[in-house]
Amino acid sequence: MSKKLEGKTALVTGGSRGIGAAIAKRLAADGARVAITYSRGADAATSVVKTIEAAGGKAIAIQADATDPKAVQAAVDKTVNAFGKLDVLVNNAGTAIPKKFEETTLEELDQVINLNIRGVFIATQAALKQMNDGGRIISIGSCVGERMMTPGLVPYSATKAAIRMFTQGLSREVGGRGITVNNVQPGPIDTDLNPAAGDWATPQKAATALNRYGKVEEVAALVAFVASPEASYITGANLTVDGGTNA
Ligand code: NDP
């Protein structure tokens, strides 16, 4: 039996570590040819590509800061040149700077807004020009884009809330091409950005119904489903994978 994403091309921003790396590996395991971008960690990106290739898949890594429109456009062009037109864009690159709002600097505000919102806008614009009908735009938002139970993430949660309306709005514009637009909202997931051990982790773990952090593979599984042909009637949706944090 052929794999669910056989013949499809996917681009995952920030695919060298954490959730993005797991998404890239999962989409490749489901048959997609996968391009990942990264900003600094070339070794980590190469290692994701090697893992995919060792499993019989096809992947490339492209250095492209997600806040730089020219670099992002070049990444889309390289992906299309290497693998053919795009079918799936995963807007995963994102960051948080946990801190009291009053103490957050203007530079830090700009950094979070530029990567988490503007970065999603520019990658999606570049990708849509090269996307096949029936394509998929999937953004990684956050459960805190919907509900907030801890202090210290004010600008971050506001950027993730913006992704919700971006998703809903864009779904109305590209539905005519059969392109779906969805927002996957993880809860606490064990990565470099949000390690499952430490003081910061304790309240997040306690807020889940399952009393544990999630694994990157648990987010990747939902993304792979949304990317698949089976999810063709899901669009404009905010899909939460948070261990019950927002229950
Ligand atoms: P990590 O910090 O662990 O990994 C981030 C990835 O993005 C790395 O591959 C990094 O590559 C890349 N990246 C960072 N900045 C840029 C940039 N400017 N341009 C291109 N790539 C970049 O993060 P997570 O895996 O934890 O998070 C991934 C996404 O999931 C984010 O959008 C985050 O907000 C969201 N999320 C995470 C949760 C969690 O608990 N972990 C919960 C909810 C949402 P490099 O090293 O080269 O910079």
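Which helix is glutamine 204 found in? Glutamine 204 sits in helix H6, residues 201-207. Before going on, note that this is a predicted model, where local features need pLDDT of at least 70, side-chain atom pairs count only at pLDDT 80 or more, and totals for chains, interfaces and linings use all residues. Residues are numbered from 1 along each chain as its sequence is written, and side-chain values use heavy atoms, leaving out hydrogens and water. Helices (H or I, at least four residues) and strands (E, at least two) are DSSP runs, numbered from the N terminus.

**The sheet**

- Seven strands make up an open sheet with parallel pairing, in the order E3-E2-E1-E4-E5-E6-E7; two strands pair if DSSP finds at least two bridges between them.
- At the edges you'll find strand E3 (59-63) and strand E7 (237-241), each pairing on one side only.
- On average, and ignoring direction, neighbouring strands of this sheet are turned by 20° against each other.
- Strand E1 (residues 9-12) and strand E4 (residues 86-91) run parallel and are joined by three bridges.
- Leucine 11 has leucine 89 in E4 as its bridge partner.
- As a bit of background, strands of a sheet pair through backbone hydrogen bonds, either parallel or antiparallel.

**Helices lying across the sheet**

- Helix H5 (residues 154-174) lies across strand E5 (131-140), strand E6 (180-186) and E7, and runs at about 160° to E6. Axes here are lines fitted to C-alpha atoms, for helices over the stretch in contact, and angles run from 0 to 180 degrees between N-to-C directions.
- Helix H7 (residues 216-227) lies across E4, E5, E6 and E7, at about 155° to E5.

**Helix against helix**

- Helix H4 (residues 106-129) packs with H5 at an angle of about 15°, their axes 9 Å apart.
- That makes H4 roughly parallel to H5; angles under 35 degrees count as roughly parallel, over 145 as roughly antiparallel, 65 to 115 as roughly perpendicular and the rest as oblique.
- Where they meet, H4 brings residues including Leu109, Val112, Ile113 and Phe121, while H5 brings residues including Pro155, Tyr156, Ile163 and Phe166. Contact means heavy atoms within 4.5 Å.
- The axes of helix H1 (residues 18-29) and H7 come within 8 Å and cross at roughly 50°, so H1 is oblique to H7.
- Among the residues making that contact are Gly18, Ile19 and Ala22 of H1, and Val216, Glu217 and Ala220 of H7.
- The crossing of H1 and H7 is right-handed.

**Two buried residues**

- Glutamine 204 counts as buried at 14% relative accessibility; buried means under 20% relative accessible area, exposed over 50%, and partly exposed in between (1.4 Å probe, protein chains only).
- The glutamine 204 side chain makes a polar contact with the side chain of tyrosine 213 at 3.1 Å, and also reaches the backbone oxygen of tryptophan 200 at 3.2 Å. A polar contact is a pair of N or O atoms within 3.5 Å; within protein, one must be able to donate a hydrogen and the other to accept it, and residues adjacent in sequence count only if both atoms are side-chain atoms.
- Leaving aside neighbours within four places in sequence, glutamine 204 is in contact with Pro188, Asn194 and Tyr213.
- Asparagine 92 lies in the loop between E4 and H4 and is buried, with a relative accessible area of 11%.
- Not counting residues up to four places away in sequence, asparagine 92 touches Val12, Thr13, Gly14, Ile19, Gly20, Ile23 and Ile140.

Definitions and conventions
A crossing is left-handed if the near helix is turned anticlockwise from the far one by less than a right angle, and right-handed if clockwise.
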